[in-house]
Amino acid sequence: MNFFGRRKQREAELDEELQSHLRLAAGERVEHGENRAQAEQNAHAEFGNAALVREVTRDTWGWGWISDLQEDVRFGLRVLRKNPGFTAVAVLTLALGIGANTAIFSLINALMLKSLPVQNPQQLVVLQWTARHQSEFRNSSSYGDCDAKFTDENPRSCSFSRPFYDELRAADSELFSGITAAGSEVELDLSGNGAASIAHGRVVAGNYFEVLGVRPALGRMLQAADDLPAAAPVTVLNYGYWQSEFGGSPAVLGKTITLNGTPTTIVGVAEKRFASLTPGTVIDAWLPLSVRPRVLPRWDAKEDGADSIWMVIIARLKPGVPREKAEAAVNVLFRNGMLHGEKPFAKEADDPRVQLLPAQTGLVGERSRFATPLYILMLAVGIILAIACANVAGLTLARAAGRQKEMALRLALGAGRWRIARQLLTESLLLSACGGVLAMAIAWWGARAVLRFVETGARRPMGFEVTLDTRVLLFTAGISIVSGIVFGLAHAARGSRVNLTPALKDATGSSTAAGRLGSGWLNLGNSLVIAQVALTIVVLAGAGLLVRTLQNLRNIDPGFDTNNLVNFGVDLRIAGYKGAQADLAIGEIQKRLSAIPGVTSVSYSSMELLTDGLWTTSFKNPGGASPVTVDSDMLQVGPDFFSTMKMPLRAGRDLAPADFAGASAASVAAAAQANSATKGSAAAEPAGTSAPLAAIVNETFVRKYFGNANPLGRQISYAEAPGETAEQHKNPGLVVVGVAGDAKYESLRGEVSPTVYVPSSGGNVNFELRTAISSAAIIPAVRSTVSYFNSDLPIFYIRPESESLDQLLFQERLIARLSSLFGALALVLACIGLYGLLSYEVTRRTHEIGIRMALGAARRRVLAMIVGQGMLLTLAGVVVGIVAALGVTRYLSSLLFEVHAGDPITLAAVAAFLLLVALAACYIPALRATRVDPMVALRNE
Amino acid sequence: VKKRYQNRIELLQGTLDMLILQTLQWGPRHGYGLSQSIRTNSGEILKVDTGSLYPALHRLERAKWIAAEWKVSENNQRTRVYRLTAKGKKQLISERSRWTQLSEAIAGVLNPAKAEGDL
């Protein structure tokens, strides 16, 4: 027999025992001559309070609390079942509040808290260097692994040079159990497996997987021998990529595929959980560092020099080695190389040093994009939960007033006050538990919907997955219990403090004495409504600011027409085109694309605009005589670029065919030198030619560097590269032939910088197509045209500009959309709260309203009285809320664009909106009040 | 309300336990029978409250000083009958000696003159 069964039997036995006592007592009284009825009555009187005897006896069993709990739960469920309307509203309110929290928390869990998919991730550290000023590296590349900052002041990065990595590995003995590195990420043109496609690859050191402790799902991982210069090229595939592109077939082992023209053997598939070390990226294929010269399209042997930083170094600390100790040892090496190397990269005053960050937090990846929005949203849902709790507390209190008689009766029958408080608390916890269970369903659905939206905002899959794991379940259980206690406390405290006599005397339960939720205008019920309105204002104000930010961003004029524009990238070098051959091919593709029906104009540029990609270069100050170096953005453009983009020419002429011929002949090297990686920048170093190239500058360039002088025909010279003397510097520079209107280049938010447009040459370009019809509809024709030109030429990222803008503003759209949703949710909850309070007030005051109407009060007056009470509360809440919002929205500042955190227009609009909705919420109960029939109301007494 | 009872139980506790054990030594009894015996043997002075009696019985049962079983009485009614266990007998002896000590001590305090006079 189980515990509860035994327990039940024991209770029955106790009952029987007490019954037999009564029977025996009565029987003896009868024997002594009392009549049966008299005897039984006296026996009962002598026995005392049977319920109490039962309870105190049960207490000696020592497990009383369990049976009490069981009883409380049973009774609680009965109470909740008896009030299905109240229960439904309360559970739904709580489910929405808890569900919103669980959803956002499960996103935070998925994006921020999941531990790295490796063995003992806590032992892994990632190296990051800092300095006071930017060090003089020739080239620096990073791939979004760390929170890098390429600023002049206090730069930081986790990119290191090959020599430093080799030195570190050679030096280490007892600090690390392994040191490894990841290098460049690379787009791989994969052929030999159906049509040519693009895979996202990453080159890593041969011991990478061994140090991380990643096992193969199939075959083997990369090993040190693969990383020798003479080794045959091999690759390891991502599990998901293997499933989708190779059908999960074990036959891939030993299969040779062609990656960027290099035959490469597949030797294994990584275990399923390892999509990448860095969160938010998915690597399709890993290659050893040794294949770089063959696979990297822009490979340059200089990259292995000490002045080129590109390797992300990951080390595994030996058990028991403190991070600080290892850090000190690494710093000795690093500072020595930076300050006293063959060619120092920094001065002593720059204080370059290395930090060993725990890999779990140091490798931020895509996390950095989501951290702020997610924590802001967490704050919003936290407020929503507070509103939900206040709401349910209000509902419970209103109902508690109706239950005062019940409480008084139970107290009178000998129930302990604590026992009653516990009973009420149990009811609250039951409600919040039901809410919590429902919340899990809402959260599961909601978090996945948000994540799907997040994925659409990324160019590539990010590999985040929402799971309801232990951490999420504990979180939900935790907040459910806390909310249950929070909203139950007031109720429990009041319920057990009933004043017996008036509560019991009042037969109808409708008199003011029994019904009041507290005394005075600022009673508990009113305060709860005010709090809800105030919190709603805070959420709505935040949402309003974020929506306005999105609007402002959408209204930015980028300086070119974003409608009916399609972008896509091709890299002719990875299909084997070189030098002038590539320029010819690009010209041919341009011609063929122009022939597609619906395409009005086609051009290309070295980079797609507004994608955070930027190429900057330094000039000798073009306006003045002083030898100051100035920076300018630079973009290589194809013929018809300005007309295709609809960027107006303010002065001079467009680039002519002769300009392009000159550029093509002169400098293929310029493109080769340019660091087109989206993060980082490098100085351009075009090769020397005899005549300056034609260039078009933007208005900002003219204003900043030429002032009022006529820029046309002026020459601009490149600044010398670091270490280069004036004599070595033979580049003839540029001559300004035209001025274009300002247009955004790197990003939508940033200011327009001085920009130089030069004739394009080189093989990696982004095509821009202006279409007359829907830009999405043209995409299949574009694909087939390129494929018809050369079937081995893969297309990168083809999409309409409008879609790119959506992706660009995706973080803002995400947070604006979610915060609006949460704002609406807060509003609905607050209105339910307001409605509930007023409905209750109307019910409580039916008698009073009846008298008023009997005495001749007009319906209008009654209506105004109820609506007035509601609006007064709302207004109080609005005032409190605005004050609170002014304090809270400050934290949004970093997310806002061209709107101030305390923006009065937004606050006023939000307040007006809320008052309007509140008016509707007040109107319905008020209308009910006017329908009170005085006769019925008075007879009620 | 509950508190009032608890105070009374506390007051009686040690004594009531001893009275129950002592009464059961004369033979097994049910709850009502016990209260009647105590009442009769005390000359109608000690009236054991049911709110004290049953918790005490269940407590003693839990301590294994007494054991209970259901018996069917002559008029075919089920009653729960308690009897003293071996453990309970030992407990009774120790409680009785404690009680004797206590009453002697109290008597000594109450009648110091008499004690002196005996010398």
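**Notebook: chains A and B**

I began with A:Asn120, which sits in the loop between α5 (84–113) and β1 (124–130) of chain A. Helices here are DSSP runs of H or I with at least four residues, strands are runs of E with at least two, and both are numbered from the N terminus. The model is predicted, so I kept its limits in view: local features need pLDDT of at least 70, side-chain atom pairs count only at pLDDT 80 or more, and totals for chains, interfaces and linings use all residues. Residues are numbered from 1 along each chain as its sequence is written, chains are lettered from A and ligands numbered from 1 in the order in which they are written, and side-chain values use heavy atoms, with hydrogens and water left out.

**Positive phi**

I checked the backbone of A:Asn120. Its phi is positive, about 40°, although the residue is not a glycine. A:Asn120 counts as partly exposed, at 41% relative accessibility. My cut-offs: buried is under 20% relative accessible area, exposed is over 50%, and partly exposed is in between (1.4 Å probe, protein chains only).

I then turned to B:Lys64. This residue also is not a glycine, and its phi is positive at about 65°. I found B:Lys64 in the loop between α3 and β2 (66–72) of chain B. With 57% relative accessibility, B:Lys64 counts as exposed.

**Chain B**

I listed the elements next. Chain B has 5 helices and 3 strands. From the N terminus on, they run α-β-α-α-β-β-α-α. Of its 119 residues, 36% count as buried. I also looked at contacts, meaning heavy atoms within 4.5 Å. Among those in chain B with a separation of 6 or more, 51% come from residues 24 or more positions apart.

**Interface**

I looked for charge pairs. The rule finds 3 salt bridges across the interface of chain B and chain A. The rule asks for a side-chain nitrogen of Lys or Arg within 4 Å of a carboxyl oxygen of Asp or Glu. A:Glu17 forms a salt bridge with B:Arg80, and their closest N and O atoms are 3.7 Å apart.

**Single residues**

I picked B:Thr79 in strand β3 of chain B. B:Thr79 is buried, with a relative accessible area of 3%. Leaving aside neighbours within four places in sequence, B:Thr79 is in contact with A:Ser20, A:Leu24, B:His30, B:Glu69, B:Trp70 and B:Lys71.

I looked up A:Gln19 in helix α1 (residues 3–31) of chain A. A:Gln19 counts as partly exposed, at 48% relative accessibility. From A:Gln19 to A:Ala50 I have 31 residues in sequence and 9.4 Å in space, C-alpha to C-alpha.
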